[in-house]
Structures are given as C-alpha cells and as structure tokens.
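Here is a brief report on one protein model. Take a look at the structure first, then read on.

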Amino acid sequence: MKILQLGKFYPIKGGVEKVMYDLMTGLSEEGLKCDMLCAACDDDHVGEEPLNENATLMRTRTLAKVKATMLSPAMISKMRSICNEYDVVHVHHPDPMACLALYMSGYKGKVALHWHSDILKQKNLLKLYQPLQKWLIDRADMIIGTSPVYLESSPWLKDVQDKTVCLPIGVVPLEVDDEKAAALRENYKGRKIIFSLGRLVPYKGYKYLIDSARYLDDGYVVLIGGEGPLKDSLREQIESS
C-alpha cells in the first residue's frame with residue numbers, strides 16, 4: 001500500500017503537522033510506502049528529502065500566508081503529477097490549500113480525512129471555503145477524529161457519522177524524572193496539582209482554565225506548561241487574576 005500524507009506546512013510548528021510527520025515516519029518504518037506533501041514555511045525548506053527507503057518529504061514553495069493558510073500553487077501541480085502513485089491520500093483538516101490541491105488533482109483513489117478540528121476563528125473565510133469543505137467531507141471514504149467529542153459535536157460531521165472513526169493522537173513515551181516530580185510535589189506540598197501541557201494557542205482554551213482557577217480554594221494549584229503565541233498574554237492574565 002502507498003499512502004500520501006497531505007496537509008499543512010514544514011518545518012513543524014503545531015500539532016497537525018506533527019501528526020502528519022509522525023504518521024509518515026511511523027508507517028514507513030513499518031515497511032509501508034508513506035510520503036508527505038506540504039507547503040514550505042520559507043524558501044530554505046523547499047524541495048524533496050528522502051527520510052528512509054519508504055518515505056519522502058515533499059515541500060512546495062509558498063507565495064504568501066493568509067490566515068494561517070499557506071498559499072502554494074505549486075502544491076496543486078505537484079499533487080496532480082504524483083497522486084496516481086498512491087492507493088490512499090490522507091488529507092489533514094483544516095487546511096484549505098491541501099483540500100484545493102486534492103480537488104484539482106483528479107485523484108480517483110481512496111481518501112482518508114483527518115478531522116483535527118472545525119474552523120473556528122476565520123468565520124468569514126469559512127463562508128467562502130464551505131462548498132469545498134463539504135466536497136471534501138463527501139469525498140472522504142473515512143473520517144478520522146482525534147477525539148469522540150470532535151466527531152460528535154462538529155455540525156459539519158453530523159450527517160456522516162457512519163463513516164467516522166476515533167483515532168487518538170499518539171505520543172512518544174516519556175521517561176519519568178522522579179527527582180523533578182518529587183521536587184514539584186514538595187514545592188506544592190499539601191495541595192492538589194492541576195497540570196495542563198500543550199501548545200499555547202486560542203483553541204486550547206487556556207484562558208478559560210485560568211479564569212476557572214479563581215473558583216478553586218488554596219488546596220489546589222493550576223500549572224500550565226508549553227510554548228506558543230499566547231504565552232505572554234496568558235502570563236499577563238495570570239498576573240492580573
């Protein structure tokens with residue numbers, strides 16, 4: 001079986017791209033042919049790079065970035081030239097550029113749609129993208145969600161529940177640092193620790209976690225770990241709470 005991961009950009013900056021990359025490397029290391037096609041974040045990363053005998057990372061040139069979407073016409077032409085080499089195209093949503101490339105490729109094989117989340121922020125642009133998004137949902141042979149909540153609560157998927165399946169995101173097992181864990185517990189001795197770790201972006205809802213912390217008594221402490229564009233604003237929110 002030959003699989004193409006189709007979606008966002010490279011270098012990896014967020015969870016969707018990391019899932020694509022991990023699927024490519026994991027499947028290829030198991031002996032399946034699995035490549036990845038995405039837009040490059042900058043000209044320094046344009047090109048193709050074989051990662052092993054079963055995986056090639058293909059990055060097309062980006063002309064501009066609009067509302068977190070890389071505009072890469074080269075992705076369309078590249079997709080058209082290679083799509084018939086694959087048994088399955090695994091497209092990752094939300095990414096209008098990847099969806100457009102698939103639509104214009106004329107690909108006739110199986111499509112797996114990985115529904116990472118609804119489009120929540122760019123509501124005006126969603127109105128323009130909605131017909132193409134509907135085409136993608138209808139075109140997909142299988143729709144994969146990273147949690148049951150995403151699949152069941154999305155208004156866009158309510159009529160296609162019969163072809164959805166939940167596949168939680170995998171992570172590399174972490175080695176426990178007993179000394180650091182003990183030091184953390186000692187630092188907050190006698191208190192229950194609520195710890196959240198992730199990329200600090202709007203849809204994660206960290207601002208609501210911070211707001212809710214004010215309703216907890218001193219027997220609890222909320223700790224947030226991670227990096228991202230909201231780091232400074234979240235820190236300011238914590239300091240002003």
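Predicted model: local features only at pLDDT ≥ 70, side-chain atom pairs only at ≥ 80, totals over all residues.

Where is the place of Pro11? Pro11 sits in the loop between strand E1 (2–10) and H1.

## Overall layout

The protein has 241 residues, and 38% of them count as buried. Its secondary structure comes to eight helices and 12 strands. The C-alpha trace spans about 60 × 40 × 40 Å along its principal axes.

## Two cis peptide bonds

Back to Pro11. The peptide bond that leads from Tyr10 to Pro11 is cis. Its omega is near 5°.

A cis bond also runs from His93 to Pro94, with omega near 10°. Pro94 belongs to the loop between strand E7 (88–93) and H3.

## Helix H1

Helix H1 covers residues 15–29, and Ser28 is part of it. Ser28 counts as buried because its relative accessible area is 2%, under the 20% cut-off. The Ser28 side chain makes a contact with the backbone: it reaches the backbone oxygen of Thr25 at 3.0 Å.

Lys18 pairs with Asp22, and their closest N and O atoms are 2.8 Å apart. Both residues lie in H1, four residues apart, which is about one turn of the helix.

## Helix H3

Helix H3 runs over residues 96–105. Which of its residues are buried? They are Met97, Ala98, Cys99, Ala101, Leu102 and Ser105. Just after H3 comes Gly106, with a positive phi of about 75°.

## Salt bridges across the chain

The structure holds 11 salt bridges. One of them joins Asp141 and Lys110, with the closest N and O atoms 3.9 Å apart. This pair links distant parts of the chain, 31 residues apart. Asp141 is in the loop between helix H4 (123–139) and strand E9 (142–145). Lys110 is in strand E8 (residues 110–115).

Asp141 counts as partly exposed, at 38% relative accessibility. Lys110 counts as exposed, at 51%, because the cut-off for exposed is over 50%.

Glu227 and Lys231 form another salt bridge. Their closest N and O atoms are 3.1 Å apart. Glu227 counts as exposed, at 53% relative accessibility. Lys231 is partly exposed, with a relative accessible area of 28%.

## Helix H6

How many of the 10 residues of helix H6 are buried? The number is zero, so H6 (residues 178–187) lies largely in the open.

## Surface patches

One surface patch is positive. Which residues form the positive patch? They are Lys13, Lys65, Arg199 and Lys204. Lys204 lies in the loop between strand E11 (192–197) and helix H7 (206–213). Its relative accessible area is 41%, so Lys204 is partly exposed.

Another patch is nonpolar. Val66, Leu71, Leu125 and Leu128 make up this patch, which has an area of about 360 Å². Leu128 is found in helix H4. Leu128 counts as exposed, at 69% relative accessibility.

Note on methods:
Residues numbered from 1 in each chain as written. Heavy atoms only, no water. Patch = residues over 30% accessible without salt bridge, like charges linked within 9 Å, V, L, I, M, F, W, Y side chains within 5 Å. Areas by Shrake-Rupley, 256 points an atom, 1.4 Å probe, with all protein chains shown as cover. Salt bridge = Lys/Arg side-chain N within 4 Å of Asp/Glu carboxyl O. Lys, Arg positive; Asp, Glu negative; His and termini not counted. Charge placed at Lys NZ, Arg CZ, Asp CG, Glu CD. Helix = DSSP H or I, 4+ residues; strand = E, 2+ residues; numbered from the N terminus. Buried < 20%, exposed > 50% of the residue type's maximum accessible area, 1.4 Å probe, protein only. Polar contact = N/O pair within 3.5 Å; in protein donor to acceptor, adjacent residues only side chain to side chain.
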